[in-house]
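Please look at the sequence and the model before reading on.

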Amino acid sequence: MLLHSTPIFYSARVTVECETPLSIKADESDLTIDSRIVRDVNGYPTLPGTSIAGVLRSVARACQADDKTLFGAASDDANPSQIQVSFGFIHNSHNQPIIGLRPPEQHDSQNEVETLLKDLMPILRDQVALNEYGAAQEGAKMDRTAVPKGTRFSFELNWATDQKNDEQWHKILSWLYHPQFRLGGLTRRGFGKVKVISIKQQVYDFTQPDTLTQWQQNRQLDFNAENGEEISHTFQATHNADYLHFSLDLEAEDFWRIGQGEKALGTLGKDFDKEPDLKPYTEVVIEWQNQQASLKQQQVVIPASGIKGALRHRTLFHYRRLLDDFSDGIEPCERTNTELKELFGTTEGEGLAGALIIDDIYLDQTPKHKVMMHNKIDRFTGGTIDGALFSEQLLYGGGFVLNGLIKQGNQSKPLLEAFRLALTDLAEGRLALGGGATKGHGYFQARQANFTQLEEKAN
């Protein structure tokens, strides 16, 4: 808020691009899907300023900044927020933010990018939590809509202060590169990661007489104008010291499939005679080249939730083993249960965001794939049991790099050691990902593994 006591006004127009799907849930009901994404008056997805400001405030607290001064407080004697954040306006296929009411006749129905973004479900990701019997937990089966990887938004970030302070302003902008700056929901399941494309800043000093004229010329809400100094090169994304980093370069030993897709890879009649019943999970993504966007169909995706679930299960096994927790029954002891929730998060009670961050992984090149037939024989007739004959399309070979972060907190050494052992099992082919583990599918070998920081903290 611009006041007489805060004559210095820093302004930055920020453009970000989704590196993973982004989903900010709207308060609208729908009979066909469980959640809808927030949209603007034109029907395009948008980023509410409150969501951006809330995440920035959370990062400020993590960086031990004075968030009450910068973002205000609800108490009677508190000052208003010094930080202003606009809505995030989505970009069209020509890399221009769509701002203001757009008449329907201006919508290009032939533009596949804009048509996808206006779709009710640009991406629909199924979510399910399994119990100890391998079935869905009660109330834990749902779907979530999101905008695809590659979607771009622009928003304005402003800071009003009493005196010029470039160092503090750059610190505020650096929070956009913090590992905790993730927008929307499901950020611990791979969603919400963004990268900064551009930051154009302008600084106004209203103690100078000619500043008002400059303000009047440049304050129009025109994100396409080439105003301001490009300073995004000043910052770089680095692993924060508060986070433990680990990395595995994995290569598949054999066949594998993680998730369930809607359309098979390849061509009907050439690669298979009929559409397979089970397919690898793929998504459409937006690609940018020379400031122009296009769609890339059927990019193979490895959902972070599929990796996180397997690691959680194996971490629990090792943690109970290290603590000699061989109590009767399925439920672990209270200490084990509490620490595991702090690492992986939970939806119980008020919910808790876990300390582990893993992103969805998109394969640049599609591995080789093959359709396999499955059936189950009736022992009395020797024929196929009804409903037990189906086909499955599997990926063969290939690999991916798994990167992850753990926000350091009160994790015990046995818990970190258990998680390291789970990663080791994955790296050495003892922990499968995806379906068909009992048939030898989903096992990987690490070409390279790096979890030195975990080892240091666990010992």
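Which residue just after α1 takes a positive phi? The residue is Gln64, with a phi of about 60 degrees.

## Basis of the report

This is a predicted model, in which local features need pLDDT of at least 70 and side-chain atom pairs count only at pLDDT 80 or more, while totals for chains, interfaces and linings use all residues. Residues are numbered from 1 along each chain as its sequence is written, and side-chain values use heavy atoms, with hydrogens and water left out.

## Helix α1

Helices (DSSP runs of H or I, at least four residues) and strands (runs of E, at least two) are numbered from the N terminus. Helix α1 covers residues 49-62. Its 14 residues should span 20 Å at 1.5 Å a residue, and the end C-alpha atoms are 20 Å apart, which agrees. The expected span is 1.5 Å times one less than the number of residues.

Buried residues (under 20% relative accessible area, with a 1.4 Å probe and protein chains only) in α1 are Gly49, Ile52, Val55, Leu56, Arg57, Val59 and Ala60. The buried residues of this helix pack against α2 (67-71), β2 (83-85) and β6 (152-161), where contact means heavy atoms within 4.5 Å.

## Helix α6

Helix α6 (residues 304-322) has 19 residues, which should span 27 Å at 1.5 Å a residue; the end C-alpha atoms lie 26 Å apart, which agrees. Among its buried residues are Ala304, Ile307, Leu311, Arg314, His318 and Tyr319. Just after α6, Asp324 has a positive phi of about 55 degrees.

## A three-stranded sheet

An open sheet is formed by three strands in the order β11-β12-β14, with antiparallel pairing. Its edge strands, β11 (282-289) and β14 (361-362), each pair on one side only. Two strands pair if DSSP finds at least two bridges between them. Seven bridges join β11 to β12 (residues 292-302), and Thr282 stands opposite Val300 in β12.

## The second largest pocket

The second largest pocket holds about 710 Å³ of space. Of the 31 residues that line this pocket, Glu19, Arg182, Lys193, Asp359 and Asn403 are the closest to its centre. A pocket is an open set of points on a 1 Å grid where a 1.4 Å probe fits, with protein on both sides within 12 Å along at least five of seven lines, and lining residues have an atom within 4 Å of a point.

Strand β17 (399-407) gives the most to the lining, with six residues. By class, the lining has 17 nonpolar, six polar and eight charged residues.

Note on methods
Buried means under 20% relative accessible area, exposed over 50%, partly exposed in between (1.4 Å probe, protein chains only). Grid points are joined across faces, edges and corners, and a volume is the space filled by probe spheres set on the points. Ala, Val, Leu, Ile, Met, Phe, Trp, Tyr, Cys and Pro count as nonpolar, Asp, Glu, Lys and Arg as charged, and the others, Gly among them, as polar.
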